[in-house]
Amino acid sequence: MEERPQLPWSLADARTTFFTAVGGLGTVLIGWWGASGTGRASHQTGWMAAAVVGVLILGMGNALWLLAGRRAVGSRRAQLLDRLEAVPAEAEVDASSDATLVAVPGTARRHRATCPLVRGKRTVAGGEDLRPCEMCLAGS
Amino acid sequence: MELKQLLGAHWDRATAVVLVLLGAVAIVLGWWGISGTGLAPEQNPYLISGGVLGIALIGIGCTVWLSADLQDEWRRLDAVEERLAQLADRPAAAGRSAR
């Protein structure tokens with residue numbers, strides 16, 4: 001059986017986000033350190049620009065992280081929908097089987113799913129505690 | 001006790017809230033520092049440490065919260081997949097018992 005990851009992110013996603021977060025925050029701190037080390041506004045402009053670039057790097061890393069998670073969840077949901085479409089086909093085969101027991105709600109007898117007495121009627125699976133139908137379950 | 005359990009179960013969301021609050025505090029402190037001086041060279045460091053860092057912290061907090069939502073969705077898909085496997089196995093089991 002295929003091993004399913006516990007989280008929607010891979011190790012590479014975590015690594016990218018970690019390095020962009022550290023790099024972005026580090027750039028902001030360097031910008032702050034540089035700007036506070038000089039008393040001239042014209043010298044601070046470059047440091048402030050560095051701080052803004054740091055926030056952009058951080059934001060880009062966060063966006064990539066969220067997109068990777070969103071993509072993984074969407075892909076898995078699509079796989080599940082494909083599998084879900086395949087399930088009713090198996091159930092239909094089973095409903096036409098003699099082995100399946102059904103009952104019409106509110107009645108006292110159980111029938112085989114193929115019994116003509118329940119054909120076209122709304123039935124529910126089960127009914128093991130009900131009396132067997134004399135037509136389809138006689139002698140069973 | 002209930003609050004402790006709640007925080008334990010939703011530690012990621014608690015972290016997100018703390019980061020957003022820290023970001024808001026940084027912005028308020030930056031504003032407070034800037035409004036205390038009329039000289040641009042003294043205001044710029046506050047703009048970076050308060051405004052820019054505050055925005056960064058709020059951004060990280062929002063990312064952590066959205067990551068928690070994605071993890072919840074992933075766990076719900078686990079449950080759906082399990083139920084689907086049970087549903088797919090049921091007719092096969094009924095068919096086996098008939099043979």
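**Confidence and interface**

Analyst: Where pLDDT is low, the predicted coordinates should not be read in detail. This is a predicted model, in which local features need pLDDT of at least 70 and side-chain atom pairs count only at pLDDT 80 or more, while totals for chains, interfaces and linings use all residues. Residues are numbered from 1 along each chain as its sequence is written, chains are lettered from A and ligands numbered from 1 in the order in which they are written, and side-chain values use heavy atoms, with hydrogens and water left out.

User: In chain B, in which helix is confidence highest?

Analyst: Chain B has a mean pLDDT of 86, with 88% of its residues at 70 or more. Helices here are DSSP runs (H or I, at least four residues), numbered from the N terminus. Confidence in chain B is lowest in helix H1 (residues 2-9), at a mean of 81, and the highest value, 95, belongs to H2(B).

User: What area is buried between chain A and chain B?

Analyst: The model scores ipTM 0.80 and pTM 0.71. In this model, 38 residues of chain A are in contact with 31 residues of chain B. Buried area is the accessible area (1.4 Å probe) that two parts lose on being put together, summed over both. Carbon and sulfur atoms give 73% of the area buried between the two chains, which is about 3,100 Å².

User: Which element gives the largest share of the side of chain A that touches chain B?

Analyst: Across the interface, twelve residue pairs are in polar contact, both residues at pLDDT 80 or more; the term denotes N or O atoms within 3.5 Å, one able to donate a hydrogen and the other to accept it, and residues adjacent in sequence count only if both atoms are side-chain atoms. On the side of chain A, the elements that give two or more residues are helix H1 (11-36) and helix H2 (41-95) of chain A. The largest share, 23 residues, comes from H2(A).

User: Which residues are joined into one network by salt bridges that share partners?

Analyst: A salt bridge is a side-chain nitrogen of Lys or Arg within 4 Å of a carboxyl oxygen of Asp or Glu, and five are counted between chain A and chain B. Arg76(A) meets Glu81(B) at 2.6 Å, N to O, and Arg83(A) pairs with Glu81(B) at 3.3 Å between the closest N and O atoms. Through shared partners, salt bridges join into one network Arg76(A), Arg83(A), Asp78(B) and Glu81(B).

User: Is Glu81(B) buried or exposed?

Analyst: Buried means under 20% relative accessible area, exposed over 50%, and partly exposed in between (1.4 Å probe, protein chains only). Arg83(A), at 35% relative accessibility, counts as partly exposed. At 15%, Glu81(B) therefore counts as buried.

User: How many residues apart are Arg13(B) and Asp69(B)?

Analyst: The side chains of Arg13(B) and Asp69(B) form a salt bridge at 2.6 Å, N to O. Arg13(B) is buried, with a relative accessible area of 12%, whereas Asp69(B) is partly exposed at 32%. The pair links distant parts of the chain, Arg13(B) in helix H2 (residues 11-35) and Asp69(B) in helix H3 of chain B, and the separation is 56 residues.

Note on methods. Contact means heavy atoms within 4.5 Å. pLDDT is the predictor's confidence in each residue, from 0 to 100.
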